Amino acid sequence: MAFRECTTAEKDIGMLYYLSGADGTGGRLKARAEDFVVEEVSKGPERAENGKYTIATVKATNWESNRMIRLFAREMGMSRERIGFAGTKDKRAVTTQLMSFECPPSQLEKVQLKDVEFSDIYTARRNIRIGDLVGNRFRIRVTGCSRPADEIASIVGEVAADIKANKGFPNYFGVQRFGVMRPITHLVGERLVRGDIEGAVKCYVCTPSSDESRDKEAAECRKNLSESDDWASLLNSVPDSMSFEKVMVQHIAENPGDWTGAIAAMPTNLQMMFVHAYQSYLFNIMLSRRIEKGLPMNRPVVGDVVVPMSADMIPLHEQQIVATEKNIDLVERQIRLGKAFVTGCLFGSDSQFAEGEMGEIERRVIEDNRLKAEDFIIPGLPHCSSEGDRREILCPVKDLTYEPDPDGYIVSFFLPKGNYATCLMREFMKSEMTDY
């Protein structure tokens, strides 16, 4: 089938194509937090009386995960490292997820945050881990569509049919990976990989938002920081909306020139996100190049690295198989049954390239960016270093349904963990990046 070329700012993060050639409905997501409902599907630890950990279902409206966890830790008087979760969630949304707290259940009573609710509280012998996440169920309302109401149903139906026919959609890393208003996370990661730690800090702290009118105080602060080497004198001017940037600014104010320490002062998961975002950008480019070359996503070609899928739709990356002329019929059958998926390279210090045509694409992208495997070992920043991995190039969708709504339409579906709902919704909407 013919893929449609993307003409929005998503091109800058490597998302060059749409699966569906249908026109988009336009519109935006998250006009209200209630328009984006996410229910985590996870495998929590077994209940155990007097267990060391308190497990709770946390429902939050309009909360960014890292900020919420930081405030949990502050109000409960504990380190944020004692709070466990299976996956981060969108800020402008209503989210439900399991979390663990290394403390007695009574400690949760100290949390008095607006629009946060705890339920189904129990104790267990272990905490919540990333591996507990199976996926997420979404119910998403699109509003402000640019197409007439009588055209929306046919567009949505055509896109849904294309997705179902292909058993999924291009598994790009979505805009949240990079930042919607400030898509710079991968740029910070690139500077880390290239050994420019000072540049990475300044990129994160000083790069302005695409819409400075939303937070003029932050915009002015970023400008002042970019023009000054005396961050100590500007520390008190950093607004609360720049909470993580303030951590970096404070470290440099107290430890001039210690750029590595400024990165290390960030929460562990944010440190990991920087280089992971750059790897994600490179993956997006590789996937787009595969599409350009006319190679299928839902069928293997000789040289593809294929991974089997568990019954819970979890990719088993440790069981990689290379498609050869001898086994390709068997591999293709497994993919057709939804039991295996073709992968692309998440390049790192210990990556495996594919062979054949996909291997050529992967090697060329890395060569064009003048990268080497050892670049992804970041001295002094082990949490920023990354060995790399493989990622499925097609994202499967379960229970995809849609319905009209007075303000637009609603799409409901389930995605396995590690995949982006916005990458599905962009197929329907084809809107500007800031509308997601």
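Predicted model: local features only at pLDDT ≥ 70, side-chain atom pairs only at ≥ 80, totals over all residues.
**Stop one: α8 and α10**

Select residues 268–292, helix α8, and residues 356–368, helix α10. Their axes come within 10 Å and cross at roughly 135 degrees. That angle makes α8 oblique to α10. The crossing of α8 past α10 is right-handed.

Now show side chains at the contact. From α8, pick Leu282, Ile285, Met286, Arg289 and Arg290. From α10, pick Met358, Ile361, Glu362, Val365 and Ile366. Colour them by class: the contact of α8 with α10 has 7 nonpolar and 3 charged residues, and no polar ones.

**Stop two: α11**

Move to residues 421–429, helix α11. How many of its residues are buried? The count is 9 of the 9, so α11 is largely enclosed by the rest of the structure. Click along the helix: Ala421, Thr422, Cys423, Leu424, Met425, Arg426, Glu427, Phe428 and Met429 are buried. The list includes the charged residues Arg426 and Glu427. Step just past the end of α11 to Lys430, where phi is positive, at about 55 degrees.

**Stop three: Cys206 and Cys221**

Select Cys206 and Cys221. Cys221 is in no disulfide, and its nearest cysteine sulfur is that of Cys206. Cys206 counts as buried, at 10% relative accessibility. Cys221 is buried too, at 3%. The disulfide count for the model is 0.

Terms used:
Residues numbered from 1 in each chain as written. Heavy atoms only, no water. Axes fitted to C-alpha atoms, helices over the stretch in contact; angles between N-to-C directions. Helix = DSSP H or I, 4+ residues; strand = E, 2+ residues; numbered from the N terminus. Parallel < 35°, antiparallel > 145°, perpendicular 65-115°, else oblique. Left-handed = near helix turned anticlockwise from the far one by under 90°. Contact = heavy atoms within 4.5 Å. Buried < 20%, exposed > 50% of the residue type's maximum accessible area, 1.4 Å probe, protein only. Disulfide = S-S within 2.5 Å.
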